[in-house]
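Here is a friendly note to read beside the model. Please keep the viewer open and look up each residue as it comes along.

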Amino acid sequence: MFSSKLSRGLIQMGRNAIAPRNAASIHSEAVVKPHRKPLLEPSIVNGLLYRVATEADRELVRDGLHKYFYPEDPVTSTHYSGKEPTTDDTEGTLEMVDSGCMILAMDEQSGSLAGFSGSTIVSPDEPQKLLEKASQAQTKKYGDVLRLTAHLIAKTRVCERFGVDRAYHLDMVGVNPNFRGKSIGVILQEKHVELACAKGMRVLSAFVTGPYSASILERLGMQCVYTLPYRDYRDESGRVVFQGTKNYNEMKCYVMKI
């Protein structure tokens, strides 16, 4: 879970090919097919290439999740069952790659993954869908993560708040320690704003687990609308599900119209 000026993205379409003049020309001229440009064009910032992840990047992102995200994520690392991430949680996060909502920061020289950030599209019935998914989760831990997410979305009410049927949710961000200090987290979120606009979204939401992530969202102009101390979130038996830490003791929910 989460992870300058905002720019409005434009969906750019390639020009349709002109039909051949006659049958003979089909054999003598290349037929150009309609082409759709990416919603977010790759760009280089401070020597890093920012681009949307593809299916070919799944294992790269999987490795990054286990090295740079889960170990520092309070939701994963302070669950009462232990700090290890579950396979179903990992696979659930990788769905952001499949949906075209995972952005990577790649080092041009080494080809190393410097950072990554994923998002999801939420709708007014998202809490119900997440609770149903939680009931079918392979592990209790992932089910608890989904139930927490459902709780936060229900409290935030981002779609109802802005009168929209979909919102772009900034879900998570991970940065390779070897590349920190390059504003990667900030740039990744700015890229997500561009991608959200290109997808036709006009509302952002995000949940953050610590002060650094909160500062990024506040710099983007997002407003905190709900705060949940981990100690106040309990299961049906009254047990605190996520312990949190001294510096990561609450979650904050942010929203913004773009």
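1. Start with helices α2 and α4, where R58, V61, R62, L65 and H66 in α2 meet T90, E91, T93, L94, V97 and D98 in α4. Here a contact means heavy atoms within 4.5 Å. By class, the residues of this contact divide into four nonpolar, three polar and four charged. In that scheme Ala, Val, Leu, Ile, Met, Phe, Trp, Tyr, Cys and Pro count as nonpolar, Asp, Glu, Lys and Arg as charged, and the others, Gly among them, as polar.

2. Before going on, note that this is a predicted model: local features need pLDDT of at least 70, side-chain atom pairs count only at pLDDT 80 or more, and totals for chains, interfaces and linings use all residues. Residues are numbered from 1 along each chain as its sequence is written, and side-chain values use heavy atoms, with hydrogens and water left out.

3. How do α2 and α4 pack? Helix α2 covers residues 58-69 and helix α4 residues 87-98; their angle is about 135° and their axes are 10 Å apart. Axes are lines fitted to C-alpha atoms, for helices over the stretch in contact, and angles run from 0 to 180 degrees between N-to-C directions. The two helices are therefore oblique to each other (under 35 degrees counts as roughly parallel, over 145 as roughly antiparallel, 65 to 115 as roughly perpendicular and the rest as oblique).

4. Next, look at α5 (residues 126-135) and α6 (residues 140-156), which pack at about 170° with axes 8 Å apart. That angle makes α5 roughly antiparallel to α6. Among the residues in this contact are L130 and L131 of α5 and L146 and I153 of α6. The contact of α5 with α6 divides into nine nonpolar, three polar and three charged residues.

5. G185, V186, Q189 and E190 in α8 meet Y212, I216, R219 and L220 in α9. Sorted by class, that contact has four nonpolar, two polar and two charged residues.

6. Is M201 buried or exposed? With 2% relative accessibility, M201 counts as buried (buried means under 20% relative accessible area, exposed over 50%, partly exposed in between, with a 1.4 Å probe and protein chains only). You will find M201 in the loop between α8 (184-198) and β6 (203-208). Leaving aside neighbours within four places in sequence, M201 is in contact with I121, R166, A167, Y168, A196 and I258. The C-alpha atoms of M201 and K257 are separated by 9.2 Å, although the two are 56 residues apart along the chain.

7. Most residues other than glycine have a negative phi. N46, however, has a positive phi near 55°, and N46 sits in the loop between β1 (43-45) and β2 (48-52). At 58% relative accessibility, N46 counts as exposed. S183 has a positive phi of about 60° and lies in the loop between β5 (167-175) and α8. S183 counts as partly exposed, at 39% relative accessibility.

8. Helices (H or I, at least four residues) and strands (E, at least two) are DSSP runs, numbered from the N terminus. Of the 258 residues, 48% count as buried.
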